[in-house]
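I opened my notebook to look around this chain, one spot at a time. Come along and follow each entry with the model in view.

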Amino acid sequence: MIHRPHALPDCRWLLFVLLTCCIGIPRLAAADHSLFARSNIVAWCIVPFDAKQRGPEERAAMLERLGLTQLAYDYRAEHIPTFDDEMLALKRHGIRLLAWWFPGALNDEARLILDVLRRHELRGVQLWVSGGGDPVKSPEEQAARVAAEAERVRPIAEAAATLGCTVALYNHGGWFGEPDNQMAIIERLRATGITNVGIVYNQHHGHDHVERFAELLARMKPHLLALNLNGMTKDGDRHGKKILPLGQGELDLHLLRVIRDSGWRGPIGILNHTDEDAEVRLQENLAGLAKLVAELDRTAQSNPSPPPVSRYWAIEDRAARERLPLYQVIPAASPEELTPANGLPGPETYRTWHRSHGDNGGTRFSLLDQINRQNVTNLQLAWTYHSKDGKDNLQCNPIIVNGVMYTPTPGRFIVAVNAETGVELWRFKPEGRPAWRGLIYWPGDERGEARLMFCSGRHLYALNPRTGQPLQSFGDGGRTLLPGVAQGDFGAATACPAIFEHIVVVPGFEKDVWGFDLLTGRHLWTFHTVPQPGEFGYETWDRTQPYAANCWGGMAMDEARGIAYVTTGSPKPNFTGMYHHGDNLFANCLIALDARTGRRLWHFQEIRHDIWDLDIPAPPNLATITRDGRRVDVVAACTKIGNTLLLDRVTGKPIFPFRLRRAPTSDVPGEVTAPYQPDPELPEPFSKMEYTEADLTDRTEEAADYALTRFRSMHSGWFRPCSEGKSTLFFGIDGGAEWTGACVDQTTGRLYVTANHIGWTISLFRDDDPPHDSRAPKTRGRLVYEQLCAQCHGENLRGIGMYPALRGVRHRLSFEAITNQVRLGKNAMPAHPDLAEEDLRAVADYLLVRDRPLPPPGPAPERPPYGSNGYPKFYDHEGYPANKPPWGTLNCVDLNSGKLLWKVPLGEYPELTAEGVPKTGTENYGGAIVTAGGLVFCAGTRDHKIRAFDKDTGAELWSAKLPYVGNSPPATYEMNGRQYVVISASGGNKLGTPYGDAWVAFALPK
């Protein structure tokens, strides 16, 4: 007979089940509504500890029956043969494998577990590692113990990193089980670059910590990966009460309150760890937790002190911000800290075009010089290729290898085209939209054959470049599954991969970066661009996001050093940051990763807590420059606000001092802005963010009046946060620089980048008005609104163009303020003095939601809910940008000195040119290449032209009309002694021009 010290009599069991079914897990106070929900609960200690000795299928079915969706898997030797069955059962029942009890060394059993995880494509699993040891007797022994344990854990962590897994140090007792020692081990590992190690804390091993649990939890929290609960009684481990069901310990309510108030939002574990039926004990714990949470709710309601959510409705202290120093400066690297140039890659790299953006360094530079300043005017059409499979915008720079051009098509094929004649050779259709912003060719070696690689849909593909057929040796029939979520046409990845040795690195569209085996497609590692619990940077988010800090534009690779460079986007959602307070690493960063392991080497963040959608969209560029008479290797990244981040390639230190300026505060409840934002002096910016009255157009008197009237109804200013109900005007949402990025002349160290310079008007609104019910009869106020207001503010009250939303206006304007503004007008809003009084009152009541029933009031949300008015551009009355030209530019930045050498308009409006208006430039999405012939080629403008500029002066030397706008950078190559320049011309995109399907090649006459 099995002894069950905590088994329930049958009547108690029935009562217990009924109680659990009726109560469930009640809603917590708003700040903690999901912390103790079943979706966040992890079942633990239920495999070897289970009176019924369930197998994998029974166990997974039990968890599903209980409404639990996560398992921490412990095991004994007898379970090893069923590892695969366990994983399959969990998958069938929708149970996530959160963690696995792991050996203390990377032995055969540990490698077996890793193979199981890899075989079942289980990413991000926590590996729980324990240890022991007697107390140390001296600081020297402590230091030696920390070093030894760090070295023990290191190979486990490195192996875990190849699967995107973390290692959690388990407080099982002894010296190793003390959290203070675990944190010392973690810091030791981080100092050596190991960042995927954290802590799993188990209350049943923490009876000695209860009196200082709040303080200990605060210190553990940046490292914490999981927190396992237990019924806790003072000295319970000494009195036979080490393992108690939740709710049966005298300290349970207090400890739960500490956890709630700590801000911990990670996984919460409940356990069996007894000889009784695991289902009985889990049910008992769930019911006890339900009672405790209900009690927390009751005490929170009776507590007169401000609720924990109050800080999310506060407005920042502007006076406190203004007391901060005006500037902070990140110092430049000293001369001795700069990395000497290694001379790689060799010049042969710059005579080919084997990867989108030219090469792994993303330079878009060519040593070909047959086409030069003297003869460029003789360029003529060599061939045009039409894919004839649809019309759509293409943003992929084509590649050319061994006389063949490879490119995606509007019809979502990959095609090979004879680069001398424009004749199609083969085509292949993958799942999804292929090679959105790039593809790469690998020439093969003694270990594997040549391959063409790109991302499409949910997969990374490898094709035979001669036949276009998938390589069967790669992944599953020529493709391997990407770990990220596939978001619509974007798929799981849009950026062009890069290759180092036999590793291909792929940035994810929603977040993260992955490494794969080039030959087999096996997933090797994951770097989390939004850190997970226990990882470096996790504390810079108070609530992490599933879609943020993504590399959607492109990446680069140092082929000699094995360093991958990625640039990342902003936190999400855009324009509001109250749902992710903090600096939000690794958003808005240039990050250097070890291509072999995915380990972060360094990062540099441009904008902290970005609430303006000011990503770093441009792919990084590798370059060699001259500093203090020495050649040094650097990496550059151009940004939306016109900065060029210029950093040492190995250390990440800035080449020039990087100045930060005190930033303004927000007037929106719940927003917490970063105190400083970038304001560098060198390299000189090629664009700007702040939009002033001096920027307003003077093209015509009417345009100037129109722009000024509307400008006065908006906020503007350097890093001015968006406001509620009033538009904020700034430059930069589509650049400055865009995904099209820059090119770098490797012989001179000069960078060439295209930029946009148009204004955007963004406003927020409190998004908690009840939805419009189209079935309900229209009130008088609704009818007046449709006649009077909807043409500017939209049928749904969300605003049109630069006109702000009126949803949520009841939170910011009174009845009197609304009626006065309708009567008298304001800025761009016309006055309506003759509106009947009853209609005026009716429309005001409609806006204030007083003419229809409101749903019954519920609890205040944890944080204010906001929406934005989208992405309206600031145009004048004739549809031209409402600021002075140039509206699009090509810029040359000398990376050696940091000086902006020249800026010229890029593109024109032919109708304005015909009126005698100097060339204005246009909004553009294309990007430039630079050649040894002294030329910069660039397209992407509204006027459908490709142009050649003198790379020293910016003078326009040649242009040709394309059938459609060329929305990707050109490429250049040599074939049979003749140099060509080719560009995909497919139009559309954000310019609203016609879509097409053309590739156009130019060359000198034969």
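Predicted model: local features only at pLDDT ≥ 70, side-chain atom pairs only at ≥ 80, totals over all residues.

**Entry 1: two glycines in a row.** I began at Gly 736, which sits in the loop between strand 34 (728-731) and strand 35 (742-745). I looked up the peptide bond that joins Gly 735 to Gly 736, and it is cis, with omega about 15°.

Entry 2: The mean pLDDT of the chain is 91, and 95% of its residues reach 70 or more. Over residues 1-33, though, the pLDDT is below 50; this stretch still has 61 contacts in the model beyond near neighbours in sequence. Residues 304-310 also stay under 50, and for them I noted three contacts beyond four places in sequence.

**Entry 3: another cis bond.** I then turned to Leu 682 and Pro 683, whose peptide bond is cis with omega near -15°. Pro 683 belongs to the loop between strand 32 (676-678) and helix 11 (701-711).

**Entry 4: positive phi.** Arg 364 lies in the loop between strand 9 (327-330) and strand 10, and it is buried, with a relative accessible area of 1%. Phe 719 also gave me a positive phi of about 50°, and it is not a glycine either. I placed Phe 719 in the loop between strand 33 (715-716) and strand 34. Its relative accessible area is 1%, so Phe 719 counts as buried.

Entry 5: I traced an open sheet of five strands in the order 10-42-43-44-45, with mixed pairing. Strand 10 (365-366) and strand 45 (956-961) are at the edges; each has a single partner strand, so one side of each is left without a neighbour in the sheet. Strand 44 (residues 945-950) pairs with strand 45 in the antiparallel sense, over five bridges. For a landmark, I marked Phe 949, which stands opposite Glu 956 in strand 45.

**Entry 6: the cores.** The largest nonpolar core has 91 residues, and Phe 36, Trp 100, Leu 117 and Ile 259 have the most contacts inside it. There is a second, separate core of 38 residues, which includes Ile 946, Tyr 964, Tyr 980 and Ala 1003. I went back to Ile 259 and listed some of its contacts beyond four places in sequence, among them Leu 35, Phe 36, Phe 213 and Trp 264.

**Entry 7: a buried asparagine.** Is Asn 272 buried or exposed? Its relative accessibility is 0%, so Asn 272 counts as buried. I found Asn 272 in the loop between strand 8 (268-271) and helix 9 (278-302). Its side chain makes a polar contact of 2.6 Å with the side chain of Thr 274.

**Entry 8: looking for disulfides.** A disulfide is a covalent bond between the sulfur atoms of two cysteines. How many disulfides does the count come to? I got zero. I checked Cys 396: its closest cysteine sulfur, in Cys 496, is 7.2 Å away, which is too far for a bond, because the cut-off is 2.5 Å. Cys 396 is buried, with a relative accessible area of 1%, and Cys 496 counts as buried at 1% relative accessibility.

Definitions and conventions: Residues numbered from 1 in each chain as written. Heavy atoms only, no water. pLDDT = per-residue confidence, 0-100. Contact = heavy atoms within 4.5 Å. Core = buried A, V, L, I, M, F, W, Y, C linked by side-chain atoms within 4.5 Å. Buried < 20%, exposed > 50% of the residue type's maximum accessible area, 1.4 Å probe, protein only. Pairing = 2+ DSSP bridges. Helix = DSSP H or I, 4+ residues; strand = E, 2+ residues; numbered from the N terminus. Polar contact = N/O pair within 3.5 Å; in protein donor to acceptor, adjacent residues only side chain to side chain.
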